[in-house]
Amino acid sequence: MQNIVPMTRHALELRPGQHLALTPQLQQSIRMLQLSTLDLETEISQALSDNPLLERDEDPRGDDVDPEREGSAHDDEPAPERETGVDEMPGAKGVYSDDDSEMPEQARAETLREHLLAQLSLTRAGQRDAALTALLIDELDENGYLASPLDEILSWLPAEIEADIDELRAALRLLQSFDPPGVGAADMAECLDLQLRRPDVAVLPEARDPAVLACARRICAEHLPLLAGNAARLREALQCDDAMLRGARALILKLDPRPGRKWTVPAADYAIPDVIVRKGRKGWHVVLNSAAMPRLRINGVYARMLGNQREASHAALHAQLQQARWMIRNVEQRFDTILRVAQAIVNHQAAFFSQGPSAMRPLILKDIAGELGLHESTISRATTQKYMLTPFGTMELKDFFGAGVATDSGDAASATAVQAFIRRLVADENRAKPLSDNQIMLKLAEQGIVIARRTVAKYREAMRIAPASVRRAQAAAR
């Protein structure tokens, strides 16, 4: 009997669906918003060198010659795609002065982001894993720490990406394997522990002893606050002898608690404010800093030569014309977004500009994102390495954000305001009898600010104020 094999029928089926497409123009828009002022100037200088149709607008009052604005055939081109959370704001112009001075080109060293992305490009990570790792790199602060928890970063991602927390954890493990050791940590304890997982014994000879290495890792994980305090208490907690404790302490002191600072440009020396706050009749308002805002336009000669010609021989020039338009549009959009975000911050923090840091209010990215109709990731990019000139000096926009601390009145004080109180208490203390963290906690409670002693220690360390025992020793040595 002969077996009959059924035939398979092939068919085509159309299924509608949505997916996130990152076009080159969209990638450029996201990158522009992320860049600092100095990095933006470098990017623009490279674009000016590569594209003859793009040039600086030396006379902002002159008329740009662009066939797109003169009714050319390009007017019918479809609008580009936009990433979820990146808003387009055509026509929203900032106010700036008529100062035509250009920002001089400055040589700069490699940034931490560039250093990490270069290592990422050498891995065998897939496209999706590489994209998630790059996202985490963008979330690092100037010290190399991950600025936000993974679950919070996951909540920022568009739903259509369908990412999960395990993918982000895998991306974080890849990031934490990069140089410098300790990058991608959530806090100082994890940062030091990461450096001890794969120690370079040539630099850290104490790590050759497994017992000393294990003791140092335990200190970092469980007893780091005791390291600068009472050695007897630390030795009792670890159940070790003096030699072991000395070796572990020497090993920890050779680690770098801020692995990203080598790539950080000091704000006091190089930060150029993107926006300036001024007081008017109707309150505080924000204007763009003309010195930080490049003026670009289409080269008029090339634009006239191209006109409406569509010959294949001019395809390369037409492509450069389109790239020039996108560069101008994305630079303009970048500053429009920064201006909107900065004005929203000023509206929320009006008391700070009148009264000082002690009047800073609690503010989170979600507050500004909801008010402006943008995504939290957009607010994060628009405030990273963007600076504002205030009556109290130049400040990074991220400095205006902070969680609230409860007070006795039922209101909330920002972390910045609490730090201002702590700084004032330390400045006014008796140098021979400096205030301990517990005493500072009690004095804050008298002001209606109720926080734990460990929170006082965290804020003190963030302001780089030494513990009371170190301040007392410093005062005695003078």
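What covers the buried residues of helix 6? In this predicted model, the cover includes helix 3 (112–121), helix 4 (127–138), helix 5 (150–156) and helix 7 (188–197). The residues of helix 6 that are buried are Glu167, Leu168, Ala171, Leu172, Leu175 and Gln176. Helix 6 itself comprises twelve residues (165–176) and spans 16 Å from its first C-alpha to its last, close to the 16 Å expected at 1.5 Å a residue. At its N-terminal end, helix 6 is capped by Asp164, of which a side-chain oxygen lies 3.1 Å from the backbone nitrogen of Asp166.

Strand 5 (residues 387–390) pairs with two strands, being parallel to strand 2 (residues 275–280) over two bridges and antiparallel to strand 6 (residues 393–396) over four bridges. Met388 of strand 5 is the bridge partner of Val275 and also stands opposite Met395 in strand 6, while a hairpin of two residues joins strand 5 to strand 6.

Five aromatic pairs are found in the whole structure. One of them, formed by Trp284 and Phe353, is tilted, with 5.7 Å centre to centre and 35° between the planes. Because Trp284 lies in strand 3 (residues 283–288) and Phe353 in helix 14 (residues 350–355), this pair ties together parts that are 69 residues apart in sequence; both residues are buried. The rings of Phe352 and Phe400 have centres 5.4 Å apart and planes at 85°, so that pair is edge-to-face. Phe352 belongs to helix 14 and Phe400 to the loop between strand 6 and strand 7 (404–406), 48 residues apart. Ring pairs link Trp284, Phe352, Phe353, Phe392 and Phe400 into a cluster.

Note on methods
Residues are numbered from 1 along each chain as its sequence is written. This is a predicted model: local features need pLDDT of at least 70, side-chain atom pairs count only at pLDDT 80 or more; totals for chains, interfaces and linings use all residues. Side-chain values use heavy atoms; hydrogens and water are left out. The expected span of a helix is 1.5 Å times one less than its number of residues. Buried means under 20% relative accessible area, exposed over 50%, partly exposed in between (1.4 Å probe, protein chains only). Contact means heavy atoms within 4.5 Å. A polar contact is a pair of N or O atoms within 3.5 Å; within protein, one must be able to donate a hydrogen and the other to accept it, and residues adjacent in sequence count only if both atoms are side-chain atoms. Two strands pair if DSSP finds at least two bridges between them. Rings of Phe, Tyr and Trp (its six-membered ring) pair if their centres lie within 6.5 Å; planes under 30 degrees apart count as stacked, over 60 as edge-to-face and the rest as tilted.
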